[in-house]
Amino acid sequence: DGRRVKVTPYDYVFGDEDTTVDVYDKMAAHIVDSALDGFNGTVFAYGQTSSGKTFTLMGSDENPGLTILAVRDLFEKVKAAENTEFLVRVSYLEIYNEEVKDLIDPSKGDLRIVDHPKRGPSVQGLAEAVALTPEQALEKIAEGESNRAYGQTNMNAKSSRSHVIFRVSMESRMKPKSSGELMESWDSNKAVKVSTLYLVDLAGSERVDKTGAEGSRLKEGVNINQSLSNLGIVIQKLTSSRKEHVPYRNSK
């Protein structure tokens, strides 16, 4: 009939019967494995407000989300690793109205993003806590959640008003006569592999006519939409076959 049909490819489509464990096994477990092997990895939830992003990442006591599952899986694999010892540090931050805040130590205020010569973009002054067990890492998540920005809109009684990133930094090295072991610090010149796992819960895109946002909620929504738009542009540029400038600095 002359109408154009646009085909959009997906890696996987989940149904109502699928659990967060199913999503984790298919979409995130291999990223955790790669991080343990020394590669950086990111898992993030993107979509409209009230579409279930935070539940997918954080879950509930009965149905843990991808972040919780990733932490448990990571420490299980560290414990089972042969001839390798690990140093694991965790941090938790949010980007609220284009300000970077430490969710573990919110007293620091707006933190600067700097370009580290070795580690690339880094958040200056962000607290990092050594985690020897999954429980210690999950405690930091719970601590950060209590400081996170939530608010009510017409579409969501508990709407995320910021983007949050739970970061797991890992260093590993060979240890010939010991199985997987967690360390509190390094005291050696042995070769070390360094990697970072980012678990990101993005705030949802919003339409003012549906959310009924006013005042501070409206300001939050504008910043959320602008930052998500900039993220989309960055991803588009990175996946383009043409060499183009990638506008990383348009938004935090």
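The questions and answers below go through a predicted model, in which local features need pLDDT of at least 70, side-chain atom pairs count only at pLDDT 80 or more, and totals for chains, interfaces and linings use all residues. Residues are numbered from 1 along each chain as its sequence is written, and side-chain values use heavy atoms, with hydrogens and water left out.

Q: Are α4 and α5 roughly parallel or roughly antiparallel to each other?
A: Axes are lines fitted to C-alpha atoms, for helices over the stretch in contact (heavy atoms within 4.5 Å), and angles run from 0 to 180 degrees between N-to-C directions. Angles under 35 degrees count as roughly parallel, over 145 as roughly antiparallel, 65 to 115 as roughly perpendicular and the rest as oblique. Helix α4 packs against helix α5 (residues 134-145) at about 155°, with the axes 9 Å apart. The two helices are therefore roughly antiparallel.

Q: Which residue of β5 is the bridge partner of Ile 113?
A: Two strands pair if DSSP finds at least two bridges between them. Strands β4 (residues 113-116) and β5 (residues 120-123) run antiparallel and are joined by four bridges; they form a hairpin with three residues between them. Within this pairing, the partner of Ile 113 is Val 123.

Q: Is Asn 97 buried or exposed?
A: Asn 97 sits in the loop between β2 (82-96) and β3 (99-102). Its phi is positive, about 50°, although Asn 97 is not a glycine. Most residues other than glycine have a negative phi. Because its relative accessibility is 19%, Asn 97 counts as buried.

Q: What is the relative accessible area of Glu 98?
A: Glu 98 is also in the loop between β2 and β3. Glu 98 is not a glycine, yet has a positive phi of about 65°. Glu 98 is partly exposed, and its relative accessible area is 26%.

Methods: Buried < 20%, exposed > 50% of the residue type's maximum accessible area, 1.4 Å probe, protein only.
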